[in-house]
Amino acid sequence: MVFMSERERNARKEKRILIRDATIVTMNRNRDVLYNHDILIVGNQIRAISQGMSQWGRIPEGFDEVINASGQIVIPGLIQTHLHLTQTLQRNLVAGQNLEQWLNTTLALEAAQDSDSNYWSSMLGIAELLLNGTTAFYDMETTYHTDSCFEAMEQTGIRGFAGKAMIDRAQPGVDIPEIMIQPTDVAFGESVDLFEKWDGRDGGRIRYCFAPRYAPTSTTRLLQLTADFSHTYGAHVHTHASETEEEELIIIERTGMREVEYLDSVGLVNPRTILAHCVHLDDREIDIMARRGCHVAHCPSANLYLASGIAPIPKMLARGVNVSIGPDGSDNNNLDNLIEMRLAAYLQKGLHQDPPIPPTPQQAFEFATLGGARALGLENEIGSIEVGKKADLAILDLRKPHSWPNEREVNSKENIYTRIVFSANAADVVLTMVHGRIVMKNRKLLTMDLDEVLRNSNVAIKRLLRRTGLSF
């Protein structure tokens, strides 16, 4: 190992962080689990992984920060591929309703947002994400005030894609506020402006995705404009698909096609697209998705909360569809990816009464790491702990009664995924790092004032409720 002088380090302005003596769940090609290994991070990149302090020279000289991770587990930063930060303020307000009923309240509150309230909604959501080890996400905003979400992303240091929700037509059975339905050229034009302003900020940490809300509220022209722009400029696309049977019936009545077939006909089923939910698919649609290489954001909690159904994940995996995972919005009431992994692994067992049915714990963990990275088109940069990749990672401390014992045998390559997926919770995350920057350490957020976020979030939701006249 070659050490730079302090003068050379200062000239390069690259912080050197050493994580010592950790168990590392790499998620590399071999799915190696490394014991008592060290990770060297230089700037925003993982520069070396090795075993033993003798490989690194004297400790702590030569490093700006040394983190003792003995007895702890380093994992790739978790990735959530479908959420609505604009809805964080709204959670726990509506229960016992299906999607279409729930949307009536949700959209009324979204329409009442202002730039300040949307900023605090985003900050509140990001606070929870960083505290549970999430380092990257895919977000769909509301019609207006998308800039405030990007400002929150810029301040907090999290990695992610976000996009303005585009709506250019009404939907039967849902009371969409008139202000949210824009002419096609306005909705699409505002999205292009946001793409030009935000996509690629901070070395690519902040990205823009085009977000037609979903097919029932989108004209064919809006979807085709989105597909053409994505094809020409490589822009990413984020939309809902096949979440409910009612949604499918609307598209079949309009087009004579099922929803995924329809999206494919306009060019939106491809490797740049994430389709959220995908509960009500037939075999032909799954084959289209596999052949086109698009990605699924599995949302188990939200689908249960709204009684939408259970996605056919085993069929998708068998056909080679890339599955990632996400919590969705206020129809979940939390943004904890560890909960989503656990539920994804449990659901299929109960539904099919088949204990070994996929996803296995390792597959569920992959949904939230490499699967998410593939969905974001960032599998060469994040999603695993490997030399040359970005330093997006989290550290778990499972030395607690709910996840004990802590012996080598229960942290074996075969068992460690089971331990993480079935026993860990958000409070076990003791460090979160994004792009080489420590953003949470020892349960303390380092890029925001949490008390300020909590205080202003309360003020903001009361303002939205007054505007809408809603009471609960």
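Student: Hi! Is Phe229 buried or exposed?

Tutor: Hello! In this predicted model, Phe229 has 11% relative accessibility, so this residue counts as buried. The cut-off for buried is under 20%.

Student: Thanks. What about Phe195, buried or exposed?

Tutor: Phe195 counts as buried, because its relative accessibility is 14%.

Student: How are the rings of Phe195 and Phe229 arranged?

Tutor: Their centres lie 5.2 Å apart and their planes stand at 90°, so this is an edge-to-face pair.

Student: Which parts of the chain does that pair tie together?

Tutor: Phe195 sits in helix 5 and Phe229 in helix 7 (residues 220–233), so the pair joins parts that are 34 residues apart in sequence.

Student: Nice. How do the axes of helix 5 and helix 7 cross?

Tutor: They come within 10 Å and cross at roughly 25°. Angles under 35 degrees count as roughly parallel, so helix 5 is roughly parallel to helix 7. The crossing of helix 5 past helix 7 is right-handed.

Student: Which residues meet there?

Tutor: From helix 5 there are Thr184, Asp185, Phe188, Val192 and Phe195, and they meet Arg221, Leu222, Leu225, Thr226 and Phe229 of helix 7. Sorted by class, the contact of helix 5 with helix 7 has six nonpolar, two polar and two charged residues.

Student: Back to the rings. How many aromatic pairs are there?

Tutor: The count comes to 14 aromatic pairs. Another one pairs Phe195 with Tyr208: the ring centres are 6.4 Å apart and the planes are at 80°, so this pair is edge-to-face. Phe195 belongs to helix 5 (residues 184–198) and Tyr208 to strand 10 (residues 206–212), so the pair links parts that are 13 residues apart in sequence.

Student: And Tyr208, buried or exposed?

Tutor: Tyr208 counts as buried, because its relative accessibility is 0%.

Student: Which residues form the aromatic cluster with Phe195?

Tutor: The cluster is formed by Phe150, Phe188, Phe195, Trp198, Tyr208, Phe210, Phe229 and Tyr233.

Student: New topic: where is Met140 found?

Tutor: You'll find Met140 in strand 7, which spans residues 134–140. With a relative accessibility of 0%, Met140 counts as buried.

Student: What does Met140 touch, apart from its neighbours within four places in sequence?

Tutor: Met140 is in contact with Leu83, His84, Leu85, Thr86, Gly163, Ala165, Ala211, Pro212, Arg213, His238, Thr239 and His240. Take Leu83: this residue is 57 residues from Met140 along the chain, yet their C-alpha atoms are separated by 6.4 Å.

Student: Okay, one more helix question. At what angle do helix 3 and helix 17 cross?

Tutor: The axes of helix 3 (residues 115–131) and helix 17 (residues 450–468) cross at roughly 135° and come within 9 Å. The two helices are therefore oblique to each other. Helix 3 passes helix 17 in a left-handed crossing.

Student: Which residues of helix 3 and helix 17 make the contact?

Tutor: Helix 3 brings Asp116, Ser117, Trp120, Met123, Leu124 and Ala127, while helix 17 brings Leu450, Glu452, Val453, Leu454, Asn456, Ser457, Ala460, Arg463 and Leu464.

Student: And how do the residues of that contact divide by class?

Tutor: In the contact of helix 3 with helix 17, nine are nonpolar, three are polar and three are charged.

Methods
Residues numbered from 1 in each chain as written. Predicted model: local features only at pLDDT ≥ 70, side-chain atom pairs only at ≥ 80, totals over all residues. Heavy atoms only, no water. Axes fitted to C-alpha atoms, helices over the stretch in contact; angles between N-to-C directions. Helix = DSSP H or I, 4+ residues; strand = E, 2+ residues; numbered from the N terminus. Parallel < 35°, antiparallel > 145°, perpendicular 65-115°, else oblique. Left-handed = near helix turned anticlockwise from the far one by under 90°. Contact = heavy atoms within 4.5 Å. Nonpolar A, V, L, I, M, F, W, Y, C, P; charged D, E, K, R; others polar. Phe/Tyr/Trp six-rings, centres within 6.5 Å; stacked < 30°, edge-to-face > 60°. Buried < 20%, exposed > 50% of the residue type's maximum accessible area, 1.4 Å probe, protein only.
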